[in-house]
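Colleague: I'd like to learn how to read a model like this one. Could you take me through it feature by feature?

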Amino acid sequence: MKRNGKTTAGTQRWRYIDCEASSVRKRRDLALKAELDLFLQWLMGTDSQAEIGPGGGRTFRRSTQW
């Protein structure tokens with residue numbers, strides 16, 4: 001892959017050399033940190049799973065099932 005400019009939002013765009021397809025990779029490590037912070041907030045707090053985070057209990061359990 002090689003760099004291929006930026007999107008209008010400022011995210012790095014990449015182009016595959018062989019097939020010339022373009023993609024934008026998201027940083028999974030930042031998403032994991034946010035999920036861990038949300039999980040620790042629930043674990044150490046007094047809120048129920050349904051009360052914490054966006055989407056309620058099912059979304060919380062799905063995003064922290066790791």
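Modeller: Happy to. Let's begin with contact, which means heavy atoms within 4.5 Å. Leaving aside residues up to four places away in sequence, Glu35 touches Arg28, Ser63, Thr64 and Trp66. One caution: this is a predicted model, so local features need pLDDT of at least 70 and side-chain atom pairs count only at pLDDT 80 or more, while totals for chains, interfaces and linings use all residues. Residues are numbered from 1 along each chain as its sequence is written, and side-chain values use heavy atoms, with hydrogens and water left out.

Colleague: Where does Glu35 lie, and is Glu35 buried or exposed?

Modeller: Helices (H or I, at least four residues) and strands (E, at least two) are DSSP runs, numbered from the N terminus. Glu35 sits in helix α1, residues 28-44. Buried means under 20% relative accessible area, exposed over 50%, and partly exposed in between, with a 1.4 Å probe and protein chains only. Glu35 counts as buried because its relative accessibility is 15%. One of its contacts, Trp66, lies in the segment after α2 (57-63). Trp66 is exposed, because its relative accessible area is 53%.

Colleague: How many salt bridges are there?

Modeller: A salt bridge is a side-chain nitrogen of Lys or Arg within 4 Å of a carboxyl oxygen of Asp or Glu. By this rule there is one. It joins the side chains of Lys33 and Asp37, at 2.9 Å from N to O. Both residues belong to helix α1 and are four residues apart, about one turn of the helix. Asp37 counts as partly exposed, because its relative accessibility is 38%.

Colleague: Which residues form the nonpolar patch on the surface?

Modeller: Patches are made of residues with over 30% relative accessible area and no salt bridge; like charges are joined within 9 Å, and nonpolar side chains (Val, Leu, Ile, Met, Phe, Trp, Tyr) within 5 Å. Accessible areas come from the Shrake-Rupley method with a 1.4 Å probe, and for residues only the protein chains shown count as cover. Here Leu32, Leu36, Leu40, Leu43, Met44 and Trp66 make up the patch, with about 610 Å² of accessible area together.

Colleague: What is the order of the strands in the sheet?

Modeller: Two strands pair if DSSP finds at least two bridges between them. The three strands form an open sheet in the order β1-β2-β3, with antiparallel pairing. At the edges are β1 (2-6) and β3 (22-23), each pairing on one side only. Three bridges join β1 to β2 (residues 12-15). Lys2 is opposite Arg15 of β2, and Arg3 is opposite Trp14. Between β2 and β3 there are two bridges, and Arg15 faces Ser22 in β3.

Colleague: What about the turns?

Modeller: The β1-β2 hairpin has five residues between its strands, and Gly10 in the turn has a positive phi of about 95°. In the β2-β3 hairpin there are six residues between the strands, with Glu20 in the turn at a positive phi of about 60°.

Colleague: And the chain as a whole?

Modeller: From the N terminus on, its elements run β-β-β-α-α. The radius of gyration is taken over C-alpha atoms, and the globule rule is 2.2 Å times the number of residues to the power 0.38. The chain has a radius of 17 Å, well over the 11 Å that the rule gives for 66 residues, so it is more spread out than a compact globule. Of the 66 residues, 14% count as buried.
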